[in-house]
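Work through the exercises below with the sequence and the model in view. Each task is followed by a solution in steps.

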Amino acid sequence: MQTILITGGAGFIGSHLTRLFVTKYPNYNIVNVDALTYAGNLANLTDIENEPNYTFVKGDITDAPFINDLFSKYQFSGVLHCAAESHVDRSITDPLAFVRTNVIGTVNLLQAAKESWKGNMQDKLFYHISTDEVYGSLGDEGFFTEETAYDPRSPYSASKASSDHFVRAYYHTYHLPVKISNCSNNYGPFHFPEKLIPLCIHNIINKKPLPIYGKGENIRDWLFVEDHVRAIDTIFHNGKIGETYNIGGHNEWTNIALVKELCKQMDQKLGRAEGESAQLITYVTDRAGHDLRYAIDATKLKNELGWLPSLQFEEGLSKTIDWYLKNQEWLNNVTSGGYQNYYEAQYNKR
Ligand code: NAD
Ligand code: TYD
């Protein structure tokens, strides 16, 4: 029975990944290590918390002695590294928090894995979950491939690019068995409502303004989170050591078109008049250094490992809205307390 470490398993993507691995692989022991920052929430995992192959440990990946002890105790054979500071706007306000968790935290994990697996790298794997934002910003045409040169432009993407470089450095220098995937924007249940889609769902429910940065013409390539974690599962088990895989939805939307689609679907679901929620759209000052367009070419993943997204966007969005409408207690819990301070600081400075 092998034991696998998932970091950041109480966050958005990490909770879906933890659920998939715990339920699909009863012969794996899954240890979820999470510091439970504002973004980490054990309520994301209540359905699996009592499974016999699941253990939660509260801890911080920036704490090297803690991480080293953890590797000694559990003798992990695999690592799925999701823990990160993940919000671009927060990275603009507090870049050092991103350096600490995303860079130093990742190097702590790499170092612990290297020491723990010294002399026996066989059947071990360090899988680093990363973002397409490391590639920078596209113009109107073209796609990010695995060969696109890194060109990070926000403190968040710079910290993720740095962590990717360290992962590759450990592969080349110490022969640590690694894999990296760089994914486009995710959406789905348990997404923290500081990010565009859940923030707008929350504000539409509460009839609050929907803040659109700049002209709303920035483009993102959206992927349903369950498709992302299915891709991670495929790469973890069948991908090649030392390789990078891009994951994306071939699903580009301008922010304004996306928010209008969200308003349309929510008007129908909430029994509101057509066009009512769209009146909440409010253009606000643009994000500093706002990347224009992200778009992933996921041909390598499709050709080599047969992965394709399963959901059309309108359907995925509908499922997501239904989940938030059914789970308003979850939404209310995470938007009380400290969230209010964040929201006021972020949106009232404009
Ligand atoms: P998230 O912010 O929802 O969750 C991050 C989790 O990491 C939280 O549970 C938090 O408590 C934990 N964490 C933060 N700092 C920690 C620390 N120092 N020690 C231990 N745990 C800590 O993030 P997410 O959206 O689920 O993203 C997960 C990963 O996927 C990140 O590495 C992110 O860069 C990457 N990614 C995200 C997206 C996206 O659209 N959300 C897209 C591509 C890649
Ligand atoms: P976000 O969900 O923060 O993801 P990322 O910045 O990692 O792509 O933002 C998605 C897009 O939506 C991005 O172009 C910024 C924009 N945006 C807004 O227009 N208003 C908002 O309130 C937020 C949070 C984001």
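## Exercise 1: placing Y74

Y74 sits in helix α2, residues 64-74. Helices here are DSSP runs of H or I with at least four residues, strands are runs of E with at least two, and both are numbered from the N terminus. The model is predicted, so local features need pLDDT of at least 70 and side-chain atom pairs count only at pLDDT 80 or more, while totals for chains, interfaces and linings use all residues. Residues are numbered from 1 along each chain as its sequence is written, chains are lettered from A and ligands numbered from 1 in the order in which they are written, and side-chain values use heavy atoms, with hydrogens and water left out.

Task: find which residues Y74 is in contact with, leaving aside its neighbours within four places in sequence.

Solution. Step 1: apply the cut-off for contact, which is heavy atoms within 4.5 Å. Step 2: the residues that remain are T3, V31, T55 and V57. Step 3: for a distance across the model, take Y74 and S137, which are 63 residues apart in sequence and 40 Å apart in space, C-alpha to C-alpha.

## Exercise 2: α1 and α7

Task: describe how helix α1 and helix α7 cross.

Solution. Step 1: the axes of α1 (residues 12-24) and α7 (residues 225-238) come within 9 Å and cross at roughly 55 degrees. Axes are lines fitted to C-alpha atoms, for helices over the stretch in contact, and angles run from 0 to 180 degrees between N-to-C directions. Step 2: α1 is therefore oblique to α7 (under 35 degrees counts as roughly parallel, over 145 as roughly antiparallel, 65 to 115 as roughly perpendicular, and the rest as oblique). Step 3: the crossing is right-handed, the term for a near helix turned clockwise from the far one by less than a right angle, anticlockwise being left-handed. Step 4: α1 contributes F12, I13, H16, L17, L20, F21 and K24, and α7 contributes V225, E226, H228, V229, R230, I232, D233, F236 and H237. Step 5: sorted by class, this contact of α1 with α7 has nine nonpolar, three polar and four charged residues. Ala, Val, Leu, Ile, Met, Phe, Trp, Tyr, Cys and Pro count as nonpolar, Asp, Glu, Lys and Arg as charged, and the others, Gly among them, as polar.

## Exercise 3: α8 with two partners

Task: describe the packing of α8 with α10, then with α6.

Solution. Step 1: α8 (residues 255-270) and α10 (residues 313-326) pack at about 55 degrees, with axes 10 Å apart. Step 2: α8 and α10 are therefore oblique to each other, and α8 passes α10 in a right-handed crossing. Step 3: the residues of this contact include L258, L262 and M266 of α8 and L317, I321 and L325 of α10. Its classes are eight nonpolar, two polar and four charged.

Step 4: the axes of α6 (residues 196-205) and α8 come within 10 Å, crossing at roughly 40 degrees. That makes α6 oblique to α8, and α6 passes α8 in a right-handed crossing. Step 5: among the contact residues are I197, I201 and I204 of α6 and L258, L262 and M266 of α8. The contact of α6 with α8 divides into 12 nonpolar, one polar and no charged residues.

## Exercise 4: the ligands

Task: state how many residues surround ligand 1 and ligand 2, and list polar contacts, meaning pairs of N or O atoms within 3.5 Å.

Solution. Step 1: ligand 1 is surrounded by 28 residues, the closest being I13, D34, S86, Y156 and K160; a residue counts if one of its heavy atoms lies within 4 Å. Step 2: a nitrogen atom of ligand 1 is 3.0 Å from a side-chain N or O atom of T101. Step 3: around ligand 2 there are 18 residues, with E133, R220, R287, H290 and Y347 the closest. Step 4: a polar side-chain atom of Y347 lies 2.6 Å from an oxygen atom of ligand 2.

Key: A polar contact is a pair of N or O atoms within 3.5 Å; within protein, one must be able to donate a hydrogen and the other to accept it, and residues adjacent in sequence count only if both atoms are side-chain atoms.
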